[in-house]
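Please read the following alongside the sequence and the model.

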Amino acid sequence: MGAVSIQSVQKTYNKMVVIENLSLTIEDGEFLVLVGPSGCGKSTLLRMIAGLEDISDGQISIAGRLINDLAPKDRDIAMVFQSYALYPHMTVEDNMSFSLRLKRVPKEERDAGVASAAGILGLAPYLKRLPRQLSGGQRQRVAMGRAIVRNPQVYLFDEPLSNLDAKLRVQMRSEIKLNHARLGTTTVYVTHDQIEAMTMADRIVVMNAGKIEQVGSPLELYDRPANLFVAGFIGSPAMNLLYGRGMPEGLKLEDGTVVPMTLSPDALGRDLVAGIRPEHLVIADSGLKAEILTVEPTGAETQIVTRMAGRDVFVSFRERLNLAPGDRLHLKPMGGTIQLFDAESGNRLGQ
């Protein structure tokens with residue numbers, strides 16, 4: 001069982017708190033993604049699980065065993081880094097089997113493990129090649145294969161796709177998720193790319209300034225963000241945020257425009273923020289006045305940036321529309337799609 005328990009963990013550097021009193025349980029066999037902006041503490045947390053960073057306070061356990069004082073090699077984990085970290089003078093086969101040779105695993109068992117991992121990752125034709133003879137995607141597969149042959153209780157990935165081009169990132173996302181389905185090993189994956197998080201995770205942990213902002217499935221975070229930070233971070237393009245005040249007739253925006261809606265009594269008279277996803281705005285005969293600033297056709301959809309109520313607002317259309325910068329139109333939110341947040345605390349109303 002590879003469940004990971006993180007209890008009241010703290011990390012400080014010279015009295016500067018990087019991780020603050022963080023608790024989290026990662027279930028056995030779960031694919032959990034840590035996501036957040038640079039400097040939020042996600043890689044530091046991963047490195048504490050791996051044993052590459054000391055724990056200032058708190059406890060981390062794997063499969064019920066406290067690992068605070070264990071060396072990385074004794075934690076039964078395997079880590080894949082952003083850099084491939086392959087031995088350039090070793091073949092693919094030797095790179096993948098190196099950790100097993102250090103453990104004095106018998107040759108027959110090593111060969112079987114390498115052959116199995118190579119079959120899973122499509123590396124069988126490349127076992128005799130050196131890293132310099134491989135593409136970036138193939139090198140990352142070798143790094144993954146080196147982790148797979150160890151058959152650990154937990155896999156740790158630290159932004160493993162950052163060095164790949166866009167097409168390879170999409171391919172490797174699918175391969176990592178497929179391998180997780182095959183192996184069923186607990187996986188903790190760190191990324192700053194929320195698209196990676198949305199497409200790969202069973203659950204996502206959104207981190208900010210060393211704290212957890214929200215934990216949930218990708219769609220839970222997308223549909224019901226707990227606060228303005230999560231609302232603005234999850235989604236590409238991000239959720240549009242319009243500031244206003246709760247009135248009996250609806251939400252009165254900064255420019256005086258009123259968005260008709262029924263507000264709960266606790267929302268009246270308060271400064272509010274309305275969150276609207278780009279795909280939830282539609283063209284209408286009447287509604288919020290908007291001026292198109294840019295038009296970005298992607299093929300599958302058309303994304304436009306508009307100026308609305310004094311703010312830039314992103315809109316996504318699946319259909320192909322004849323729009324141009326400078327055009328004026330009315331946009332209307334789809335019914336029931338507006339999320340309301342308290343402007344002072346940033347928390348979503350009606351949680």
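Strand β1 (residues 4-13) pairs with β2 in the antiparallel sense, over seven bridges. Strands here are DSSP runs of E with at least two residues, helices are runs of H or I with at least four, and both are numbered from the N terminus. Two strands count as paired if DSSP finds at least two bridges between them. Thr12 has Val17 in β2 as its bridge partner.

This is a predicted model, in which local features need pLDDT of at least 70 and side-chain atom pairs count only at pLDDT 80 or more, while totals for chains, interfaces and linings use all residues. Residues are numbered from 1 along each chain as its sequence is written, and side-chain values use heavy atoms, with hydrogens and water left out.

The open sheet has four strands in the order β2-β1-β4-β5, with antiparallel pairing. Its edge strands, β2 (16-26) and β5 (65-66), each pair on one side only. Helix α1 (residues 42-50) packs on the sheet and touches β1, β2 and β4 (57-62), contact meaning heavy atoms within 4.5 Å. The direction of α1 makes about 115° with that of β1.

Helix α2 (residues 92-102) packs with helix α3 (residues 107-121) at an angle of about 135°, their axes 10 Å apart. Axes are lines fitted to C-alpha atoms, for helices over the stretch in contact, and angles run from 0 to 180 degrees between N-to-C directions. The angle makes α2 oblique to α3, because angles under 35 degrees count as roughly parallel, over 145 as roughly antiparallel, 65 to 115 as roughly perpendicular and the rest as oblique. In this contact, Glu93, Met96, Ser97, Leu100 and Arg101 of α2 meet Arg110, Asp111, Val114, Ala117 and Ala118 of α3.
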